[in-house]
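Have a look at the model first, then read on.

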Amino acid sequence: MNEALIIQDGFVIDPDNLSIKKMDIGILNGRFAPVGEVLNQDQCKIQYLDATGYYVSPGFIDLHAHIFKDYTELGIDPDVVGVEQGVTTIVDAGSSGYDNFSIFKEEIINHSKTEILAFLNISKKGLCHGLSELANIEDLMKIEEAQEIFKCEKSIVGLKARMSGSVVKDNGIKPLKHARKLADNLHKPIMVHIGNPPPNLQEIFPILVQGDIVTHAFHGKKHGVLKQSGEMIPEGIDAIRRGVRFDVGHGTSSFSYKTMRKFKEKYNLSFTISTDIYKNNYSHPVGSLMITMSKLLSLGYTLTEVVAAVTKQAADSLHLSEQGTFKMGTRADMTIFSLEEKSVHLADSEGEELACHQILTPYMTLKTGKVAYKNKDGIKNTRAL
Ligand SMILES: [Zn+2]
């Protein structure tokens, strides 16, 4: 028997053409279908969901989070920051490595309502033995190991290389050069974390190719992507031209309103919005993916732009043709949310407070056409304050 559902009267945000339109959305057997086709089903079997006053979007994807709960210092419960916050897919960014991915799969991926994908750390240890995982070259994953694990594990979507001084210690750029070899062999992207050098961006950027992702791109530390003047460093411009993607990766210390404003002023470039959320920054300053999106909204990006950044752009980064879109026949993962009008001050990682007047607030999360979470408080965002 067919399962038929119609989401009625929501403001539908289509990230493929950056539009918002009040309309119905049809779902047949967990996939988007024309409303007319859904109405052709046996009338008593059709379910209706009233979305009046809410925004309806393809499911939100958080490209950078840390959810290896109980096995890493940082790990947070994936569903608390996933479906309960309107996020249908989370990509864990390097918490696990070759040595412990099987535990990650068993304990986290297989037990979450939220879909979990992973950038596998190029260190075999992942983040399970502290945060200097690239200090010892011996810990780097070998090509044969990478080939083996990528062949078996479809939820691994790329590699994670954390390139800051505290992580690589004396190894400088060497781990990233190794990551390049792995990525070229596997034909998968590298997500590179940038922070305090060494290595510096002049060494990092030339190694990156089309499809690689730079996370923490808008941090407020010295030696970032933008010069004092607000101009991007030449290596950054070249990287963008080659098709390297920028990602927010908010985190405890990696998102600066000042940097973001400068970037917005000079560059009309799309990027992805992600949280780098984990146990210690969940309450402050990150909050959730919707809170992070609300900050970008307050900085002047439009609602369709911030939604596209966590749907279409994020899905494109991972080559997920089934997600981030309302195209007919694709998997009906959906995020239904409200835009609450209220005045709150939300901080970046530098301690700057921004007056925000519109807060994205989760209402309902659907996975493959089924309700995975419903906010019982209706429109109250408990994460906002
Ligand atoms: Zn991270």
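Let's start with Phe68: it's buried, at 0% relative accessible area (buried is under 20%, exposed is over 50%, and partly exposed is in between, using a 1.4 Å probe and protein chains only). Keep in mind that this is a predicted model, where local features need pLDDT of at least 70, side-chain atom pairs count only at pLDDT 80 or more, and totals for chains, interfaces and linings use all residues. Residues are numbered from 1 along each chain as its sequence is written, and side-chain values use heavy atoms, with hydrogens and water left out.

**Ring pairs**
- The structure has 17 aromatic pairs, meaning rings of Phe, Tyr and Trp (its six-membered ring) with centres within 6.5 Å; planes under 30 degrees apart are stacked, over 60 edge-to-face and the rest tilted.
- One of them is Phe68 with Tyr71, a stacked pair with 5.2 Å between centres and 25° between planes.
- Tyr71 is partly exposed, at 35% relative accessibility.
- Phe246 and Phe263 make a tilted pair, because their planes meet at 50° with the centres 6.3 Å apart.

- Phe246 belongs to strand E12 (residues 245-247) and Phe263 to helix H9 (residues 257-266), so the pair ties together parts 17 residues apart in sequence.
- Helices (H or I, at least four residues) and strands (E, at least two) are DSSP runs, numbered from the N terminus.
- Phe246 is buried at 2% relative accessible area, and Phe263 is buried at 1%.

**The cluster and a charge**
- Phe246 and Phe263 also belong to one aromatic cluster with Phe205, Phe218, Tyr267, Phe271 and Tyr301.
- Over the ring of Tyr301 sits the charged end of Lys264, 5.3 Å from the ring centre (the cut-offs: NZ of Lys or CZ of Arg within 6 Å of the ring centre and within 35 degrees of the ring normal).
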